[in-house]
Amino acid sequence: MRKMAVIGLGHVGREVGYTIVTKGIADDLTLFDKSDKIAKAEQLDLQDAQGQLTTHTNVAIQDYAQLQDTDVIIFSAGDITALYDHAGDRLAELRVTSKIVEEVGPKIKASGFNGIIIDITNPCDVITTYLQDLTGLPKKQVFGTGTALDTLRMKRAVGEKLNVELTNVAGFNLGEHGETQFTAWSTVTVGGKPISVLAKERNLDVNQLSEDARLGGWYIFNGKRYTSYGIATAAVTLAEAVFSDARVIRPVSNWNEELGICIGQPAIVGREGIVATYPITLPADEQALFQKSADTIKHNYGTLPSKS
């Protein structure tokens with residue numbers, strides 16, 4: 001039996017729930033939201049959708065007792081309106097989302113949950129670290145989508161520039177899922193060819209490509225006032241990797257022992273959650289950017305009332 005839960009049914013949480021049901025990923029799905037009305041509406045809507053599917057998912061709502069034997073929680077609780085008057089200010093979002101985690105985290109712990117938590121809620125690295133703290137779960141069992149989506153946006157920018165499908169682009173964006181994330185160009189290849197070589201051959205402006213990747217989310221946000229499809233797909237794909245023990249390497253937000261926080265770095269994702277951090281060696285300039293990003297996450301984590 002594959003059992004999942006989605007906590008937070010905003011734009012992203014709804015898309016996650018819909019994707020889980022329509023892809024037939026879970027046998028049982030429990031939905032949670034601060035609004036009973038919204039949770040019930042989503043349950044009924046998903047049940048209606050199943051009348052046209054070849055798979056079936058049992059959909060329950062608002063029952064923390066269900067978490068005791070749940071395999072994967074996707075944590076997507078938040079309030080996107082916190083960014084409407086503070087575009088780009090992750091601390092404005094943190095003031096809202098940290099309170100949600102302080103309310104929900106102890107409930108997850110009290111349920112006896114011992115599965116995997118995949119965090120989407122922003123600021124992703126801070127909230128993932130906070131969820132580890134408040135649930136008391138082993139650090140490998142709580143990770144966030146981190147820079148997985150930023151990496152896909154980088155691949156899209158590179159692929160469009162070179163007129164190739166983004167699946168031909170390899171490499172990572174690292175650090176904070178936020179303003180200080182960066183493309184580790186030393187890791188990027190296209191069809192196996194280093195981007196540094198292609199940049200010289202094609203006269204590419206990698207700084208502009210970095211900016212395109214960094215601002216990808218804001219382009220979407222400014223157009224429709226939220227993002228949903230990309231991040232929801234990233235989270236569900238990670239859940240599938242857990243169920244299948246796929247052991248894929250992804251730049252997710254996971255615990256860095258040396259830094260003492262969660263940060264976007266390559267990790268092997270499988271049935272145990274984070275099977276292992278995947279080691280890479282960065283040149284000095286990229287390592288400095290990684291440290292700058294870590295310092296930002298640590299500063300933001302330190303602003304939490306329970307940490308100050």
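Mentor: Three strands make up an open sheet, in which the order is β7-β8-β9 and the pairing is antiparallel. Because β7 and β9 (193-194) stand at the edges with a single partner strand each, one side of each is left without a neighbour in the sheet. This is a predicted model, in which local features need pLDDT of at least 70 and side-chain atom pairs count only at pLDDT 80 or more, while totals for chains, interfaces and linings use all residues. Residues are numbered from 1 along each chain as its sequence is written, and side-chain values use heavy atoms, with hydrogens and water left out. Helices (H or I, at least four residues) and strands (E, at least two) are DSSP runs, numbered from the N terminus; two strands pair if DSSP finds at least two bridges between them.

Between β7 and β8 (residues 182-190), the antiparallel pairing extends over 5 bridges. Within it, A170 stands opposite T189 in β8. Two helices lie across β7 and β8: α7 (residues 206-214) runs at about 115 degrees to β8, and α10 (residues 284-302) at about 135 degrees to β8. Axes here are lines fitted to C-alpha atoms, for helices over the stretch in contact (heavy atoms within 4.5 Å), and angles run from 0 to 180 degrees between N-to-C directions.

On a 1 Å grid over the protein atoms alone, a cavity is a set of points where a 1.4 Å probe fits but cannot get out, a pocket is an open set with protein on both sides within 12 Å along at least five of seven lines, and lining residues have an atom within 4 Å of a point. Grid points are joined across faces, edges and corners, and a volume is the space filled by probe spheres set on the points.

The second largest pocket has a volume of about 380 Å³. Its lining comprises 18 residues, and A148, L152, K155, R250 and P251 lie nearest its centre. Two or more lining residues come from each of α5, β7 (169-174), α9 (229-244) and β10 (248-256). α9 gives the most, with 5 residues. By class, this lining has 10 nonpolar (Ala, Val, Leu, Ile, Met, Phe, Trp, Tyr, Cys and Pro), 2 charged (Asp, Glu, Lys and Arg) and 6 polar residues (the others, Gly among them).

The largest pocket holds about 1,100 Å³ of space. Of the 47 residues that line it, S76, A77, G78, D79 and I80 lie nearest its centre. At least two lining residues come from each of α1 (11-23), α3 (90-110), α5 (148-162) and α8 (216-224), and α3 gives the most, with 8. The lining divides into 19 nonpolar, 16 polar and 12 charged residues. R225, which follows α8, has a positive phi near 75 degrees.

α1 and α2 (36-49) are the elements that give two or more residues to the lining, with α1 giving the most, 4 residues. By class, the cavity lining has 4 nonpolar, 2 polar and 2 charged residues.
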